[in-house]
Amino acid sequence: MLTGWFCIGFSKSVKKYQLKAVSPCGLKLLLYRAHNEAYVTAALCPHQGVDIAKSGGTVDANTGHIHCPAHNIAFDQQGRGCPHPIYQQHACRLRLLHYPTVEQHGMIFVYLNGNEPAEPEFSLPHIDLSHYLPLLTVYQTISAETAILARNSVDLAHFSAVHGYNDAVITENISVSDRVLSSAYSFKRPYLWNFGELNVSISVKLYGPSYNIVRTRLEELDVEFTILLMFTPIDAGSAIHAGIIVDRRTLTGKFIPKKILEFVVPHLVKMFFKRDIKCDYPIWCNQYGDANTQPLKGDGPFALFNNYVTSFVYEATSS
Ligand code: FES
Ligand SMILES: [Fe+2]
């Protein structure tokens, strides 16, 4: 099991006073929005173990409390049981586990470290979105391990073999500082059925294997965009949540009206992004972390990457 921040949905997927079941890392959790804030709790009611998310639990629009449908015990935003007509003050002894939750850049994240809620060991970066066009989203699930998806960003040779990019080189060696892994690459990307090539520079920052920021610059066009690429372990593999944001300052509108560019460019980026991960799919779904594999010189710094990922594997501390 991995530790860190995990994306459990887009902000738009949970409206005011809605709740839904989520299962990052195979846990049974409940995501809800009371008033404007998003919260994540255990899904199982501490009274008699009913799954509140799946059994018709509700959020009260006045108080923002969650109600378990089995005996109608309410829990406040700190997870404390509220006085009840039959159980009276005894219901106040109940505690619904609450997990650290952050909502930013149109996505909702929960911090996990094993089964129990834990103080986050690091915080997520804040990106000033005022210069970016509205977020476009992509959601997919895949039967592959999260660590294998994350390794994509340091797998130099796959850029040409899988994606057909040319002249891929490392422009900034992989480095790890605190809990952040950084690296950068450039390559040539064919377009228009191979009639032309674009010089592409990407810089990658990982805040754990589950949280990737990929900044991309198309050199000739001066266009910059960022893909907020989140991988979350789920029972059947991994969920991919991607947020695509284009820097509107880089759409100059020299040749094409800016309004048209602002509409077209994000959708083009989304289309190319979906096409890119479609190329990765057959590899991702059929790759196994076998101890007998033999890394080669030219692979990229896998050893450093593997150590980085290992530092996010949860280890139970024996008491
Ligand atoms: S099981 Fe939830 S109120 Fe009884
Ligand atoms: Fe890839």
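This is a predicted model: local features need pLDDT of at least 70, side-chain atom pairs count only at pLDDT 80 or more; totals for chains, interfaces and linings use all residues.
1. Three strands form an open sheet in the order S5-S6-S7, and their pairing is antiparallel. Strands S5 (58–59) and S7 (74–75) stand at the edges. Each has a single partner strand, so one side of each is left without a neighbour in the sheet.

2. What holds such strands side by side? Strands of a sheet pair through backbone hydrogen bonds, in a parallel or an antiparallel way. Here, S6 (residues 66–67) pairs with S7 in the antiparallel sense, over two bridges. Look at His67: its bridge partner in S7 is Ala74.

3. Now step back to the whole chain. Its secondary structure comes to four helices and 17 strands. The C-alpha atoms fill a box of roughly 75 × 55 × 30 Å along the principal axes. Of the 319 residues, 33% are buried. Take the contacts between residues at least 6 apart in sequence: 51% of them join residues at least 24 apart.

4. How is the chain divided into domains? The assignment gives domain 1 (4–112) and domain 2 (129–309). Their centres, taken over C-alpha atoms, are separated by 33 Å. The two domains touch: 13 residues from domain 1 and 15 residues from domain 2 take part in the contact.

5. Which strand gives the most to the side of domain 1 that touches domain 2? Strand S1 (residues 4–10) does, with six residues. By class, that side of domain 1 has eight nonpolar and five polar residues. It has no charged residues.

Key. Residues are numbered from 1 along each chain as its sequence is written. Chains are lettered from A and ligands numbered from 1 in the order in which they are written. Two strands pair if DSSP finds at least two bridges between them. A residue is buried if 20 or more other C-beta atoms lie within 10 Å of its own, exposed if 12 or fewer, and partly exposed in between; C-beta atoms are placed from the backbone. Two residues are in contact if their C-beta atoms, placed from the backbone, lie within 7 Å. Domain bounds come from an automatic or database domain assignment. Ala, Val, Leu, Ile, Met, Phe, Trp, Tyr, Cys and Pro count as nonpolar, Asp, Glu, Lys and Arg as charged, and the others, Gly among them, as polar.
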